[in-house]
Amino acid sequence: CIYFMARRRIGARLMPKLIFAFILGGLQGVLGWYMVKSGLVDRPDVSQYRLAAHLGLAIVIYLYLLWLALNLFVPKEKSGAKFALNGLRTYAGVIMFWAFTTAIWGAFVAGIDAGHTYNTFPLMGDHFVPDGMFSLEPWLINFFENAATVQFTHRILAISLWLIVIGFWVCAMRGPAHGRIRLASSILAVVATCQAGLGIATLLSDVMIEIAASHQAGALLLLTCAIWAMFETFPTLDPGRY
């Protein structure tokens with residue numbers, strides 16, 4: 001950043017955005033230390049709350065930088081802004097929110113080893129809704145500390161996310177959206193389907209580390225495709241203004 005500042009390659013309107021990214025990076029370092037600190041007392045496991053917060057901020061930083069990069073590198077005249085429907089834009093925003101939430105609940109699954117609780121699909125054991133889902137008091141903490149409830153929540157979020165993505169793909173292909181939006185929605189649908197398959201494979205393999213790691217990487221790839229799809233429904237900012 002200092003190098004490009006010295007070369008006068010960063011405009012006045014871009015600089016505050018880069019400074020904000022730098023601040024987020026510093027906060028991520030502090031949050032990482034705070035997370036690790038929770039695993040240095042009593043037991044070598046970090047708090048699932050701090051793990052989820054650390055992951056969430058990492059995703060926010062990544063998506064923020066990706067959004068800036070897309071605005072810098074995608075020419076304004078090639079954007080899909082004048083062809084995009086407001087409905088698709090809202091739909092893409094819902095996908096972003098849902099994908100982010102699903103990823104965060106994945107952190108809770110990892111944080112309390114909930115992936116080892118039920119290793120069957122589509123049922124959890126012999127039931128769709130597992131027993132003891134609200135055995136903890138107050139009931140709200142079951143969504144964060146009860147392994148059965150955490151895994152069930154992650155499953156429901158993931159399945160509904162896949163359905164939402166497929167719906168977005170159908171709308172993009174049937175509507176007046178231009179080719180870039182259709183391409184983005186198609187790739188998003190493929191990645192979402194692969195990610196769902198990896199999630200199921202992670203369960204059935206009793207969280208084999210190679211599959212689980214691929215599932216985590218798939219979550220970031222899915223978020224990448226989601227923000228690309230959402231970007232294509234917005235007016236592309238003119239890189240020249242930077």
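**Figure 1. Helix H4 passes helix H8 in a left-handed crossing.** This view, like the others, is taken from a predicted model. Two packed helices are described by the angle between their axes and the distance between the axes. For H4 (residues 86-111) and H8, the angle is about 165 degrees and the axes lie 9 Å apart. An angle over 145 degrees counts as roughly antiparallel, so H4 is roughly antiparallel to H8. On the H4 side, the contact is made by Ala92, Gly93, Ile95, Met96, Ala99, Phe100 and Ala103. On the H8 side, the contributing residues are Leu223, Ala226, Ile227 and Met230. By class, the residues of this contact divide into 10 nonpolar, 1 polar and no charged.

**Figure 2. Helix H7 packs against helix H8.** H7 covers residues 179-204 and H8 covers residues 209-232. Their axes come within 9 Å and cross at roughly 160 degrees, which makes H7 roughly antiparallel to H8. The crossing of H7 with H8 is left-handed. The residues that form the contact of H7 with H8 comprise 18 nonpolar, 6 polar and 2 charged.

**Figure 3. Helix H6 packs against helix H7.** The axes of H6 (residues 147-174) and H7 come within 9 Å, with a crossing angle of roughly 155 degrees. H6 and H7 are therefore roughly antiparallel to each other, and their crossing is left-handed. H6 contributes Gln151, Arg155, Trp162, Val165, Ile166, Phe168, Trp169, Ala172 and Met173. These residues meet Ile181, Arg182, Ser185, Ser186, Leu188, Ala189, Ala192, Thr193, Ala196 and Leu203 in H7. Sorted by class, the contact of H6 with H7 has 13 nonpolar, 4 polar and 2 charged residues.

Figure 4. Most residues other than glycine have a negative phi, and most peptide bonds are trans. Pro122 is placed in the loop between H4 and helix H5 (142-145).

**Figure 5. Arg8 has a positive phi.** The phi angle of Arg8 is near 55 degrees, and Arg8 is a residue other than glycine. Where in the chain is Arg8 found? Arg8 belongs to the loop between helix H1 (2-6) and helix H2 (15-37).

Terms used: Residues numbered from 1 in each chain as written. Predicted model: local features only at pLDDT ≥ 70, side-chain atom pairs only at ≥ 80, totals over all residues. Heavy atoms only, no water. Axes fitted to C-alpha atoms, helices over the stretch in contact; angles between N-to-C directions. Helix = DSSP H or I, 4+ residues; strand = E, 2+ residues; numbered from the N terminus. Parallel < 35°, antiparallel > 145°, perpendicular 65-115°, else oblique. Left-handed = near helix turned anticlockwise from the far one by under 90°. Nonpolar A, V, L, I, M, F, W, Y, C, P; charged D, E, K, R; others polar. Contact = heavy atoms within 4.5 Å.
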